[in-house]
Amino acid sequence: MAQVELKMPKMGESVHEATIIRWLKNEGENIEADESVLEIATDKVDSEVPSTAAGILIKLLFNEGDVVQVGMAIAIIGSPNDANNSQPATPSPVAAIPNNNSKAESTVIAVEKPSIQPVIISTEGRFYSPLVRTIAAAEGVAQSVLDTIPGTGAEGRVTKKDILSFIESGKNRSENVTPIAEVTVPSPVKTAVIQNVPSSSSPSISGDFEIVEMDRMRKLIADHMVMSKHTSPHVTSFVEADVTNLVLWREKIKNSFEKREGEKITYTPVFIEAVVRAIKDFPMVNISLDGTKIIIKKNINIGMAAALPTGNLIVPVIKNADRMNLVGLTKSVNDFARRARANKLQPDEIQGGTFTITNVGTFGNVMGTPIINQPQVAIMATGAIRKKPAVIETPQGDAIAIRHMMFLSLSYDHRVVDGSLGGSFLKRVADYLEQFDPNREF
């Protein structure tokens, strides 16, 4: 067979480069069509790249940690005969004969490579992917413990499955951790742990500390949140809603719904439905701002903030949510939630949102003051649903009854959304939830 170039795929309209996290295949190995060959990271999500052809992996053109432009060849796939040829037909892009264009590409890679360094090495010289490092930091797995975990990956590397299995086994015991001396490494590589070791080149730290470098996604989240606060003057309004009818309806139909549709129904699709209806009533909440120009969005694309196992957040977007019924919204919500936890979202699936919902009630919180997801102008948080005594009106007069109550909070950009609009929109969402038909068919 003719040799085939495996190229860095285009992962979205705004994604122009990606970092190679880990090669899943080595040179000389057989590859099936659509089999994953490597893991890459963009400024949006992490993904696996499948092979476009079956054959032998002849040559890897880039190393782990390299930043590669979209469309560039990253590996050569050929036949077994090609594997015996020491001179592959297609040379590495780095070693190509220089011309004006190739010089420009080389310069981009050389400059950007040190700024994105997902390759992390322990005191034992062992490689760890950013995902493994992040999970270890989130679960309190010290570096000395991480170094003892048997790896099933290439060259004995620890995979996501390895560290999760280790954590589930309950073997992580911080009291058995022996302090690790500081390791001097080149600046592009992150130091794993620094503990109470004086150094002429670094400040002395007293007491027991563990310094963990932010992972790539956490840095992006931090930058985005700071930018949002600098961009938009935030105002947050609150309203309490009686969602008793909604709770009773869900309890009544959840088993039959799952049996018929093969999906569990949560409250999130109902919240999204109510928000969509309120946006139709108040379209000036579904906008963005470009300088002094207000851009009114015709499509209603709802972002749903989802927590990842690493502790980070990601916001997949349900496009054209106003065109979906409750069953369609349920399937979309569950699909995005599953793939977010499995790190299987595509970059285009987390772009284009016009309004965002975040469910702080998942963590037992009754209310929150969320930060606007730029360039949107509003974000709504849903709190935990709790039973509370409440005054209700009856034909016989007012009475106190046990009701299912929840708080909704809306943060909005006060440059374009005034208190009247923000408060009215939030109250309309609450009205739709309170007026939910307990006899509704699905």
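The following questions and answers concern a predicted model. Local features in this model need pLDDT of at least 70, side-chain atom pairs count only at pLDDT 80 or more, and totals for chains, interfaces and linings use all residues. Residues are numbered from 1 along each chain as its sequence is written, and side-chain values use heavy atoms, with hydrogens and water left out.

Q: What share of the residues in the protein is buried?
A: Buried denotes under 20% relative accessible area, with a 1.4 Å probe and protein chains only. The protein has 442 residues, and the buried share is 45%.

Q: Which residue in S8 stands opposite Val-4?
A: S1 and S8 (residues 73-78) are antiparallel and share four bridges. Opposite Val-4 stands Ile-77.

Q: How many nonpolar residues are in the lining of the largest cavity?
A: A cavity is a set of points, on a 1 Å grid over the protein atoms alone, where a 1.4 Å probe fits but cannot get out; lining residues have an atom within 4 Å of a point. The lining includes Val-45, Met-217 and Asn-343. Ala, Val, Leu, Ile, Met, Phe, Trp, Tyr, Cys and Pro count as nonpolar. Beside one polar and no charged residues, the nonpolar count is six.

Methods: Buried means under 20% relative accessible area, exposed over 50%, partly exposed in between (1.4 Å probe, protein chains only). On a 1 Å grid over the protein atoms alone, a cavity is a set of points where a 1.4 Å probe fits but cannot get out, and a pocket is an open set with protein on both sides within 12 Å along at least five of seven lines; lining residues have an atom within 4 Å of a point. Two strands pair if DSSP finds at least two bridges between them. Helices (H or I, at least four residues) and strands (E, at least two) are DSSP runs, numbered from the N terminus.
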